[in-house]
Amino acid sequence: MNFIQIRSFDNYISAHIRLTMLQDAGINCHLKDEYTITLDPFLSPAIGGMKLMVYPSQAQRAVELLEETDAPGGNSGH
């Protein structure tokens with residue numbers, strides 16, 4: 001099955017926090033271009049950052065979880 005992109009990140013830490021949160025919720029996901037951006041952060045604008053990829057069937061739930069986390073007063077750990 002192919003994965004689809006639901007978000008992109010320039011920051012490794014933010015990307016991994018969201019990735020781990022989704023994985024803990026049972027969503028099959030990974031970061032595309034993670035190693036390229038980690039080795040050379042200046043390439044991020046050229047290739048669109050680290051891409052958070054999920055199964056299409058899980059995309060809606062993943063987006064909902066990310067929106068809940070990013071909302072003011074959400075469970076983002078701030």
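**Figure 1. Arg61 and Glu64 pair within helix H4 of the predicted model.** At 42% relative accessibility, Arg61 is classed as partly exposed. Its partner in a salt bridge is Glu64, and the closest N and O atoms of the two are 3.7 Å apart. Glu64 is likewise partly exposed, its relative accessible area being 32%.

**Figure 2. A salt bridge joins Asp70 to Arg7.** The structure contains four salt bridges. In the one shown here, the side chains of Asp70 and Arg7 meet at 2.4 Å, N to O. Asp70 belongs to helix H4 and Arg7 to strand S1 (residues 4-9), so this pair ties together parts of the chain that are 63 residues apart in sequence. Asp70 is partly exposed, with a relative accessible area of 35%, and Arg7 is also counted as partly exposed, at 24% relative accessibility.

**Figure 3. Asp33 and Lys51 meet in a salt bridge.** The distance between their side chains is 2.5 Å, N to O. The pair links distant parts of the chain: Asp33 sits in the loop between S2 and helix H2 (34-39), whereas Lys51 is in strand S3, 18 residues apart. Asp33 is partly exposed, with a relative accessible area of 25%. Lys51, by contrast, counts as buried at 10% relative accessibility, because the limit for buried residues is under 20%.

**Figure 4. The largest nonpolar core comprises 15 residues.** Those with the most contacts inside this core are Leu22, Ile27, Cys29, Leu31, Leu52 and Val54. Helix H1 (12-24), strand S2 (29-32), strand S3 (50-54) and helix H4 (56-70) each supply at least two of its residues. The greatest contribution comes from H4, with four residues. In soluble globular proteins, nonpolar side chains tend to be buried together.

**Figure 5. The surroundings of Leu52 are shown in close-up.** When neighbours within four places in sequence are left aside, Leu52 is in contact with Ile4, Gln5, Ile6, Arg7 and Phe9, among others. Further contacts of Leu52 include Arg18, Leu19 and Leu22, as well as Cys29, His30, Leu31 and Leu66.

**Figure 6. Ser44 is a buried residue of helix H3.** Helix H3 covers residues 44-47. The relative accessible area of Ser44 is 4%, which means that this residue is buried. Apart from neighbours within four places in sequence, Ser44 is in contact with Phe9, Asp10, Ile37 and Gly49.

**Figure 7. Tyr12, Ile13 and Ile17 make a nonpolar surface patch.** The area of this patch is about 310 Å². Tyr12 lies in helix H1 and is partly exposed, with a relative accessible area of 41%.

**Figure 8. The fold places these views in context.** The protein has four helices and three strands, arranged along the sequence in the pattern β-α-β-α-α-β-α. A compact globule of 78 residues would have a radius of gyration near 12 Å, and the protein agrees with this at 12 Å. The C-alpha trace spans about 35 × 30 × 15 Å along its principal axes. Buried residues account for 28% of the 78 residues. Of the contacts between residues at least 6 apart in sequence, 62% join residues at least 24 apart. The protein exposes about 5,100 Å², of which carbon and sulfur atoms supply 54%.

Conventions:
Residues are numbered from 1 along each chain as its sequence is written. This is a predicted model: local features need pLDDT of at least 70, side-chain atom pairs count only at pLDDT 80 or more; totals for chains, interfaces and linings use all residues. Side-chain values use heavy atoms; hydrogens and water are left out. A nonpolar core is a set of buried Ala, Val, Leu, Ile, Met, Phe, Trp, Tyr and Cys residues joined through side-chain atoms within 4.5 Å. Buried means under 20% relative accessible area, exposed over 50%, partly exposed in between (1.4 Å probe, protein chains only). Contact means heavy atoms within 4.5 Å. Patches are made of residues with over 30% relative accessible area and no salt bridge: like charges are joined within 9 Å, nonpolar side chains (Val, Leu, Ile, Met, Phe, Trp, Tyr) within 5 Å. Accessible areas come from the Shrake-Rupley method with a 1.4 Å probe; for residues, only the protein chains shown count as cover. The radius of gyration is taken over C-alpha atoms; the globule rule is 2.2 Å times the number of residues to the power 0.38.
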